[in-house]
Amino acid sequence: MLVLSGFLALAGCAGATQGTMVPAPAAQTPAPPDTPIDDTLTLALGAHARLPDGSELAYTQLVNDSRCPANVQCIWAGDAEIQLRWTPRQAPPETFSLHTTPRQEQSASHAIGHLTVTLQSLERGIAPSATLRITRQSP
């Protein structure tokens with residue numbers, strides 16, 4: 001009887017805890033420390049990083065992913081496109097896309113302010129992390 005009442009008390013506590021948990025919105029995720037210039041940065045989908053100039057870079061969306069699956073031989077490697085948002089300190093945000101297999105008007109790099117962002121790699125899956133190279137633009 002004592003064991004049963006202890007089990008019921010624990011079950012009641014667990015039920016109360018589950019009812020009060022609310023997931024935090026992605027916007028409240030703390031930004032990682034400042035990202036040095038001329039370095040790589042890995043962002044999870046929905047994450048953002050503060051750049052040394054005070055601007056912020058956010059990985060907002062996996063637009064599409066038609067890459068050839070791992071361990072499969074394909075005629076074409078395919079392409080994945082991610083959307084990023086750059087928010088300068090004193091200007092409106094700019095949204096742009098980067099591709100894993102750029103061609104024609106697509107690009108793996110994009111200039112933001114005095115920096116260039118290049119998509120180096122993109123993991124596989126529903127919400128793949130993106131590895132980006134942040135470099136200074138040549139004068």
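This is a predicted model: local features need pLDDT of at least 70, side-chain atom pairs count only at pLDDT 80 or more; totals for chains, interfaces and linings use all residues.
Close-up 1. Leaving aside residues up to four places away in sequence, Ser129 touches Thr42, Leu43, Ala44, Tyr59, Ser121, Leu122 and Glu123. The relative accessibility of Ser129 is 16%, so this residue counts as buried.

Close-up 2. Strands S7 and S8 pair in the antiparallel sense, and seven bridges link them. Within this pairing, Ser121 stands opposite Thr131 of S8; Ser121 is also one of the residues that Ser129 touches. Strand S8 is joined to S1 as well, again with antiparallel strands, through five bridges. Here Thr40 is the residue opposite Arg133 of S8.

**Close-up 3. An open sheet of four strands.** The strands follow the order S2-S3-S4-S5, and their pairing is antiparallel. Strand S2 (48-50) and strand S5 (94-99) form the edges; each has a single partner strand, so one side of each is left without a neighbour in the sheet. From one strand to the next, the twist averages 25 degrees. In a regular strand, side chains alternate between the two faces of the sheet.

**Close-up 4. The antiparallel pair S4 and S5.** Strand S4, which comprises residues 80-87, is connected to S5 by six bridges. Among the residues of this pairing, Arg85 has Thr95 in S5 as its bridge partner.

**Close-up 5. The largest nonpolar core.** This core contains 22 residues, of which Leu57, Ile82, Leu84 and Leu132 touch the most other members. At least two core residues come from each of strand S1 (39-43), strand S3 (56-65), S4, S5, strand S7 (115-122) and strand S8 (130-136). In soluble globular proteins, nonpolar side chains tend to be buried together.

**Close-up 6. The disulfide of Cys68 and Cys74.** A disulfide is a covalent bond between the sulfur atoms of two cysteines. The model has one disulfide, and the sulfur atoms of Cys68 and Cys74 that form it are 1.8 Å apart. The torsion about the S-S bond of Cys68 and Cys74 is about 75 degrees, and the disulfide is therefore right-handed. Cys68 is buried, with a relative accessible area of 12%, whereas Cys74 is partly exposed, with a relative accessible area of 35%.

Terms used: Residues are numbered from 1 along each chain as its sequence is written. Side-chain values use heavy atoms; hydrogens and water are left out. Two strands pair if DSSP finds at least two bridges between them. Axes are lines fitted to C-alpha atoms, for helices over the stretch in contact, and angles run from 0 to 180 degrees between N-to-C directions. A nonpolar core is a set of buried Ala, Val, Leu, Ile, Met, Phe, Trp, Tyr and Cys residues joined through side-chain atoms within 4.5 Å. Buried means under 20% relative accessible area, exposed over 50%, partly exposed in between (1.4 Å probe, protein chains only). A disulfide is a pair of cysteine sulfur atoms within 2.5 Å. Contact means heavy atoms within 4.5 Å.
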